[in-house]
Amino acid sequence: MGALLSRDLRLAMRAGGGFGLGLAFFLLLAVLVPLGVGPEGGVLGKIAPGILWVGALLSCLLSLDRIFALDFEDGSLDLLATSPMPLEAVVAVKALAHWLVTGLPLTAVAPVLGVLLNLPVEGYGWLVLSLLLGTPALSVIGAFGAALVVGVKRGGLLLSLLVLPLYVPTLIFGAEVVKRGAAGLEVVVPLLLLAGITLGAAALLPFAAAAAIRVNLR
Amino acid sequence: MSIWEYANPKKFMQTSAWALPWVMGLAVLSLVAGLIWGFFFTPDDFRQGSTVKIIYLHVPAAMMAINAWVMMLVTSLIWLVRRHHVSALAAKAAAPVGLTFTVIALVTGALWGQPMWGTWWAWDPRLTSFLILTLFYMGYIALWEAIENPDTAADLTAVLCLVGSVFALLSRYAVLFWNQGLHQGASLSLDKEENVADVFWFPLLVCIGGFVLLFVALVLMRTRTEIRARRLQALLARERLA
């Protein structure tokens, strides 16, 4: 498992791996929104939690089809499927690798973008915490979506149609945490619900994703 | 005699050919009766005026939009567990019908909301959940369309339907948490003494019956089409081999 994780990480980091692309997209979004909405600090601060969460969601989406598609094309997914490691574990490791190269860096740069978007001071801690708790769910759900469309040529657009509705609960609770945190309100309930979604998704979706991959490799 | 007999496409085709005209006829009959009764022979509501009558389209369509997804869930499970092709095809056949009902519910709701709430659309939990349900239907249909191998498509869409059901429910509660609503509570529930006044209630029941029958008829018809299309493909494949 460690070998698979380090292989996936290395592939993602090397040239053409797309590491940093998601981050650049996230940054661009945070620059474009004020250009579109206007520079008033009050408005930006109010919509900043939602924008940052939607941005995290979309940048996660960008690299999803890389989770399985390349391995499917060159046959290494077949090898992984026939290896002694259960396919569910393969999915979990690949989702983890995806999170390490997208979700984690997104969480790290989010406060900087929060400054750009005029996020109220009280919100920063909650922004980082909610992204830290929520982005793993995005990777796992995304891995499930990627497993569904792995056999489809040019499945990128289809992937977003499948995955984005599944992101709805994560987005709602995640943005709610930041919104309430920024307003100085109680955040425990949405935070726990967000953590619950992440844990539930991480526990159950690898099985569904592995089932989908088995169908696709048939 | 068990329900599994209808897993045999031939048996299904025979029985559905016999049942389809009856179900369709009854659906048309009860829809015509219910809608005419509802539209022309019920009094206007003392506050909402005649706009209340859109309830005869809105409520049944919304009910069937959800029930169609539940039916897809059940047939998908049957396909995954027992590998009956008719079941998978029935799920495929039901999806566009369910999507249409969802859109009908959204559009009639908007038409009613404009004069009553003063807006076509509000980000109310019920409305938002329905919009999300539309997205789930679209994703499901798109996945069916995208995959060429019919068995692979059936398997993957069935898995998507199961996972989607869980997330649709989650979204429903997330949306409730996110915003308090403008929409009135449930118009109909079994455990309430009185739902709506009887004058509106009886034609509404007839309309709901009509929509259920219409859904069954449409799904039967579309499933028959799918089975025929599958047979046609088999024939073509055989011809190519020969």
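I started with the overall size of chain A. A compact globule of 218 residues would have a radius of gyration near 17 Å, and chain A has 18 Å, so the two agree. I note here that the model is predicted. I then took the extent of the C-alpha trace of chain A along its principal axes, which is about 55 × 35 × 30 Å. For chain B, the corresponding spans are about 70 × 40 × 30 Å.

**Secondary structure.** I counted ten helices and zero strands in chain A. Read along the sequence, its pattern is α-α-α-α-α-α-α-α-α-α. Chain B has six helices and zero strands, and its pattern reads α-α-α-α-α-α.

**Helix H2 of chain B.** I checked the length of this helix, residues 55–82. At 1.5 Å a residue its 28 residues should span 40 Å, and the end C-alpha atoms are 39 Å apart, which agrees. The residue that follows H2(B) is B:Arg83, and I found its phi to be positive, near 55 degrees.

**H2 and H3 of chain A.** I looked up how helix H2 (residues 21–37) packs on helix H3 (residues 41–62) in chain A: the angle is about 150 degrees and the axes are 9 Å apart. Angles over 145 degrees count as roughly antiparallel, and H2(A) and H3(A) are therefore roughly antiparallel to each other. Their crossing is right-handed. From H2(A), I listed contact residues including A:Leu21, A:Phe25, A:Phe26, A:Leu29 and A:Val33. On the H3(A) side, the residues include A:Val43, A:Leu44, A:Ile51, A:Leu58 and A:Leu62. Sorted by class, this contact has 15 nonpolar, three polar and no charged residues.

**H6 and H10 of chain A.** Next I took helix H6 (residues 87–116) and helix H10 (residues 188–217) of chain A, whose axes come within 8 Å and cross at roughly 110 degrees. H6(A) and H10(A) are therefore roughly perpendicular to each other. I recorded this crossing as right-handed. H6(A) brings A:Leu87, A:Glu88, A:Val91 and A:Ala92 to the contact. They meet A:Pro206, A:Phe207, A:Ala209, A:Ala210, A:Ile213 and A:Arg214 of H10(A). The classes here are eight nonpolar, no polar and two charged.

**H9 of chain A on H5 of chain B.** I then looked at one helix pair across the two chains. Helix H9 (residues 168–182) of chain A packs with H5(B) at an angle of about 25 degrees, their axes 8 Å apart. That makes H9(A) roughly parallel to H5(B). The contact takes A:Val168, A:Pro169, A:Ile172, A:Phe173 and A:Glu176 from H9(A). From H5(B), I noted B:Phe167, B:Leu170, B:Ser171, B:Ala174, B:Val175 and B:Trp178. These residues divide into nine nonpolar, one polar and one charged. I recorded the crossing of H9(A) and H5(B) as left-handed.

Key: Residues numbered from 1 in each chain as written. Chains lettered and ligands numbered in written order. Predicted model: local features only at pLDDT ≥ 70, side-chain atom pairs only at ≥ 80, totals over all residues. Axes fitted to C-alpha atoms, helices over the stretch in contact; angles between N-to-C directions. Helix = DSSP H or I, 4+ residues; strand = E, 2+ residues; numbered from the N terminus. Parallel < 35°, antiparallel > 145°, perpendicular 65-115°, else oblique. Left-handed = near helix turned anticlockwise from the far one by under 90°. Contact = placed C-beta atoms within 7 Å. Nonpolar A, V, L, I, M, F, W, Y, C, P; charged D, E, K, R; others polar. Expected span 1.5 Å × (residues − 1). Rg over C-alpha atoms; globule rule 2.2 N^0.38 Å.
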